Amino acid sequence: MATSHKLYPFYIRTGSYNFGGRSGALSFRKPITFRCSAASASFSAISMDPDNFNAKDFRHNIARSKNYNRNGFGHKEETVELMNRQYTSDIIKKLKENGNVYTWGNVTVKLAEAYGFCWGVERAVQIAYEARKQFPDEKIWITNEIIHNPIVNKRLEEMEVQNIPVEEGKKRFDVVNKGDVVVLPAFGAAVDEMLILNDKNVQIVDTTCPWLSKVWNIVEKHKEGEYTSIIHGKYAHEEAIATASFAGNYILVKDVTEAMRACDYILGGELNGSSSTKEEFLEEFKYAVSKGFDPDRDLVKVGIASQSTMLKGETEEIGKLVERTMMQKYGVENVNHHFISFKKICNAMEERQDVMYKLVKEDLDLMLVVGGWNSNNTSHLQEISEERGIPSYWIDTEQRIGPGNIITHKLKHGELVETENWLPKGPITIGVTAGASTPDKVIEDALMKVFDIDIKREEVLQVA
């Protein structure tokens, strides 16, 4: 059978982001291309110009490779059964059976209508479990935490799914050998990482959330139309890094304040005077822009995209701000030539934020927010509660409660604090929610520590 080939140019980018703190933007080096066979989707490197590289075509072609899997391996029933044993909760079941409200002793718990594990997270964990079942003897690596939950990540470590080591902010892909299995987490992976792994001829197990793939499609459309992507996200977050790798020109803004500085620059300081000079603007955003970014050239045509875990209302506010800015700069009649509206964040994030706004209107004595301390979507649930003025305690595991009536928790901006006598005496009502990476069992364990302060554990278990 005849085999067709197509050349795709690409430059491997050095992984200079520092996931634990600030570091430099990605930079190009070693020019290569890959040759894609329609029959086998195998690749080989040849030096060429990188300017015409099509990340979308690369992504679609690697997905057809015999060494790529994103749908599992036929072990769903047994892996789901294992996950149910590890992550489900009788206490959460009791709450759901009673309209998400139940009283144990003096403690009434009101559980958010939507909380915890979302479909994309559950799917990612389940496929990772399947990978270990399918490859019982192979060395399995993962490019980042599968999700932002310490309990789930610990489970995978116990299954000998190893994190690719990071030294000085750079991932050590040299430890990965031909024949190894590499899992891409729910947040996805950047283009350069995918190319490196493909070149090593490893088995790629892609658990990327399908909602994230939709965001990649958005920034790819921006690139095709020669629009710069203004991405509402955090430049060091795994998801934002992956999304930016599929964009053309881009700038990442973490909040409305940073978006205002960009808009002020577009308007020559006529918005609020916060943007200052071009040099100072580039210095402020030096870790959050594409290589060679020029605000005078690259902020003429813009489109909006968002990291899926950002606060929905803030993303919408940024979109409206940028649209008004382009109207003021170029006129209402010309705005469509300079601005593309954004798509909404994923349904799961929207739903959890919407029901949180509803929950904080209830008569609550305090709020317990459960989720990984590096979970962006959980931080926004905490933010909603704090802004309502409710005493709110964000914990990642039950180990943060105790000894006694002491809790170690985080605030919305990440400050770690310890609070004594946080649980009031007498009949109290606690609101409970959890980030999208939090299993029911983790919420149960936290509630059990709460009940330990107020009532006997045996009584709770007997009722549940």
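**Cores, sheets and salt bridges in a predicted model**

The largest nonpolar core has 57 residues, and among these Ile251, Phe281, Leu299 and Val322 touch the most other members. Helix H9 (residues 256-266) supplies the largest share of this core, six residues. The model is a predicted one. In soluble globular proteins, nonpolar side chains tend to be buried together.

Which residues does Ile251 touch, leaving out those up to four places away in sequence? The contacts are Thr228, Ser229, Ile230, Ile231, Phe281, Phe285, Ala288, Val289, Phe293 and Leu299. Two of these, Phe281 and Leu299, are themselves named with Ile251 as residues that touch the most other core members.

Strands of a sheet pair through backbone hydrogen bonds, either parallel or antiparallel.

Strand E14 (residues 302-306) has five of its five residues buried. Val302, Ile304 and Ser306 point one way from E14, while Gly303 and Ala305 point the other way, and all are buried. In a regular strand the side chains alternate between the two faces of the sheet. E14 pairs with E12 in the parallel sense over five bridges, with Val302 in E14 as the bridge partner of Thr228. E14 also pairs with E15, again in the parallel sense, over two bridges; here Gly303 has Ile340 in E15 as its bridge partner. Between E14 and E15 the chain crosses through helix H12 (residues 312-330), and this β-α-β crossover is right-handed.

Another open sheet has five strands in the order E3-E11-E10-E6-E7, with parallel pairing. Its edges are strand E3 (68-69) and strand E7 (161-163), each with a single partner strand, so one side of each is left without a neighbour in the sheet. Within this sheet, strand E10 (residues 181-184) and strand E11 (residues 203-206) pair in the parallel sense over four bridges. Leu184 stands opposite Asp206 in E11.

The charged side chains come next. Side chains of opposite charge can pair when their charged atoms come close. How many salt bridges does a search of the whole structure find? The search finds 18 salt bridges.

One of them is between the side chains of Lys110 and Glu362, at 3.0 Å from N to O. This pair links distant parts of the chain: Lys110 is in strand E5 (residues 107-111), Glu362 is in the loop between helix H13 (347-359) and strand E16 (366-370), and they are 252 residues apart. Lys110 has a relative accessible area of 18% and is buried, whereas Glu362, at 36%, is partly exposed.

Glu113 and Lys358 form another salt bridge, with the closest N and O atoms 2.7 Å apart. Glu113 lies in the loop between E5 and helix H4 (119-134) and Lys358 lies in helix H13, so this pair ties together parts that are 245 residues apart in sequence. Glu113 counts as exposed at 53% relative accessibility, while Lys358 is partly exposed at 46%.

Glu167 and Arg172 also meet through their side chains in a salt bridge, at 2.9 Å from N to O. Both partners are partly exposed: Glu167 at 46% relative accessibility and Arg172 at 27%. Salt bridges with shared partners join Glu167, Arg172 and Asp174 into one network.

The cysteines can be treated briefly. The structure holds zero disulfides. Cys209 is buried, with a relative accessible area of 14%, and Cys263 is buried as well, with a relative accessible area of 2%.

Definitions and conventions: Residues numbered from 1 in each chain as written. Predicted model: local features only at pLDDT ≥ 70, side-chain atom pairs only at ≥ 80, totals over all residues. Heavy atoms only, no water. Salt bridge = Lys/Arg side-chain N within 4 Å of Asp/Glu carboxyl O. Buried < 20%, exposed > 50% of the residue type's maximum accessible area, 1.4 Å probe, protein only. Core = buried A, V, L, I, M, F, W, Y, C linked by side-chain atoms within 4.5 Å. Contact = heavy atoms within 4.5 Å. Disulfide = S-S within 2.5 Å. Pairing = 2+ DSSP bridges. Right-handed = clockwise from strand over helix to strand, strands pointing away.
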